[in-house]
Amino acid sequence: MRKRLNDNFILSVVIVLDLTVTVLSLVLGCFMYRSNYLSVMNNRIYVEMTGLISNINYGLHFGKSIESYYGMEPLLKEAVDGTPDVNALYIVTDDNIAVFSDGGKDPDPDVLTLDENEYQKDGSTFYSAFELAGFARLVCCSDMSDALTVWRQYYLHLCIIAAVGFAVSAGIILIIWKSMKDHDRAYRIMLAVLILWIVAISSYVGAGAFKEYNKSIDGIYTAIDSAVSNDLATIRDMKIDDDMITGIDDYLAGYSDNINEIESISYNGGKLEYTPAVSYMRRVAVDYLLQTLLFLAFSIIILAEYQIFMSGIMTGEENDHV
């Protein structure tokens with residue numbers, strides 16, 4: 001039955017299907033990596049801005065209005081100058097009005113509508129918003145040029161893996177089809193190879209994205225270490241001994257309470273110790289697994305649709321020869 005079909009047609013359709021699955025896997029991997037990176041970047045900027053947010057919140061906790069905050073613009077400018085990745089800072093009210101800035105250019109109107117803990121990418125610029133005293137937001141404008149270089153390197157890595165995998169799977173399919181005289185059996189083996197490749201590339205993409213996510217958490221720890229060290233150095237420069245420093249647990253809670261991946265942070269023997277948020281990390285792992293399984297299911301559906309398509313063609317050819 002299948003012998004009546006043009007050999008090149010069957011082979012071409014299977015290889016096109018192989019290419020389609022490979023491209024979809026590549027797109028999924030890039031999307032997952034991008035989503036991870038933006039989330040972690042938002043956390044890192046929050047770490048860098050925690051000192052500023054704490055200072056502003058302290059100045060507002062007596063009931064002072066944000067508009068009457070004295071010395072806000074110099075404070076914002078100092079924060080921008082001390083944070084290499086941050087280009088501009090804005091204080092935005094609940095009415096989406098920028099009442100203060102570091103003195104740079106006016107913000108894009110769309111940026112002013114960002115809710116607390118929201119973020120967005122616009123070209124090589126990253127915008128993130130954090131809560132201030134419950135009635136205002138600190139909007140940060142950051143440069144992503146270095147991050148985009150890292151993205152391109154990772155995307156290139158995925159492209160190479162996908163290209164090599166496609167070449168290998170397509171080569172195996174070609175060899176099977178050309179070397180076996182029984183094309184019915186060859187066809188079934190080709191589909192089996194395709195299914196194995198779908199499982200392999202889906203698993204690699206999902207596991208790779210989760211691995212990159214775990215690596216990025218170490219970057220958050222490093223950023224917190226640096227921020228805390230700088231704050232302690234400032235206090236010590238004021239000739240205050242370590243045993244005179246109080247409230248460090250509440251200070252560290254300012255980081256852990258706003259970073260989902262961290263359950264708590266403690267300061268022991270001059271070193272920070274992190275307790276990961278196991279339940280949240282488990283949910284993230286399950287989310288990656290579900291994304292991988294959903295993509296795998298989607299790929300299998302494409303394969304099933306292809307099989308229905310091929311069955312229809314073969315049935316039509318059989319009827320034509322009756």
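Reply: T292 lies in helix α6 (residues 278-320), where helices are DSSP runs of H or I with at least four residues and strands are runs of E with at least two, both numbered from the N terminus. This is a predicted model, in which local features need pLDDT of at least 70 and side-chain atom pairs count only at pLDDT 80 or more, while totals for chains, interfaces and linings use all residues. Residues are numbered from 1 along each chain as its sequence is written, and side-chain values use heavy atoms, with hydrogens and water left out.

With a relative accessible area of 11%, T292 is buried; the word means under 20%, exposed means over 50% and partly exposed covers what is in between, with a 1.4 Å probe and protein chains only. Not counting residues up to four places away in sequence, T292 touches S202, S203 and G206, a contact being heavy atoms within 4.5 Å.

In helix α5 (residues 248-256), the buried residues are I248, L252, Y255 and S256. Seen down the axis of α5, these buried residues fall within an arc of 90°, so they line one face of the helix; the arc is that of the directions from the helix axis to the C-beta atoms.

From there one can turn to the strands. Strand β6 (residues 262-268) pairs with strand β7 (residues 271-276) in the antiparallel sense over six bridges, where pairing requires that DSSP finds at least two bridges between the strands. I262 stands opposite P276 in β7, and the two strands form a hairpin with two residues between them, G269 in the turn having a positive phi of about 60°.

There is also an open sheet of five strands, with antiparallel pairing in the order β2-β1-β5-β4-β3. Its edge strands, β2 (98-101) and β3 (119-122), each pair on one side only, and neighbouring strands of the sheet are turned by 25° against each other on average, direction ignored. Within this sheet, β1 (residues 86-93) and β5 (residues 136-143) pair in the antiparallel sense over seven bridges, with C140 in β5 as the bridge partner of L89. Helix α2 packs on the sheet, touching β1, β2 and β5, and its direction makes about 145° with that of β1; axes are lines fitted to C-alpha atoms, for helices over the stretch in contact, and angles run from 0 to 180 degrees between N-to-C directions. D81 belongs to α2 (residues 72-81) and, at 57% relative accessibility, counts as exposed.

L89 is also among the residues that touch the most other members of the largest nonpolar core, which has 62 residues; the others are M49, I56, I91, L138 and I224. Such a core is a set of buried Ala, Val, Leu, Ile, Met, Phe, Trp, Tyr and Cys residues joined through side-chain atoms within 4.5 Å. Helix α1 (residues 7-60) gives the largest share of this core, 15 residues. Apart from it lies another core, of 18 residues, including L11, V14, L17 and V193.

Finally, a search of the whole structure finds zero disulfides, a disulfide being a pair of cysteine sulfur atoms within 2.5 Å. C30 has the sulfur of C159 as its nearest cysteine sulfur, 5.9 Å away, and C30 is buried at 16% relative accessible area. The sulfur of C141 is 9.0 Å from the closest cysteine sulfur, in C140, too far for a bond, and C141 is buried at 7%.
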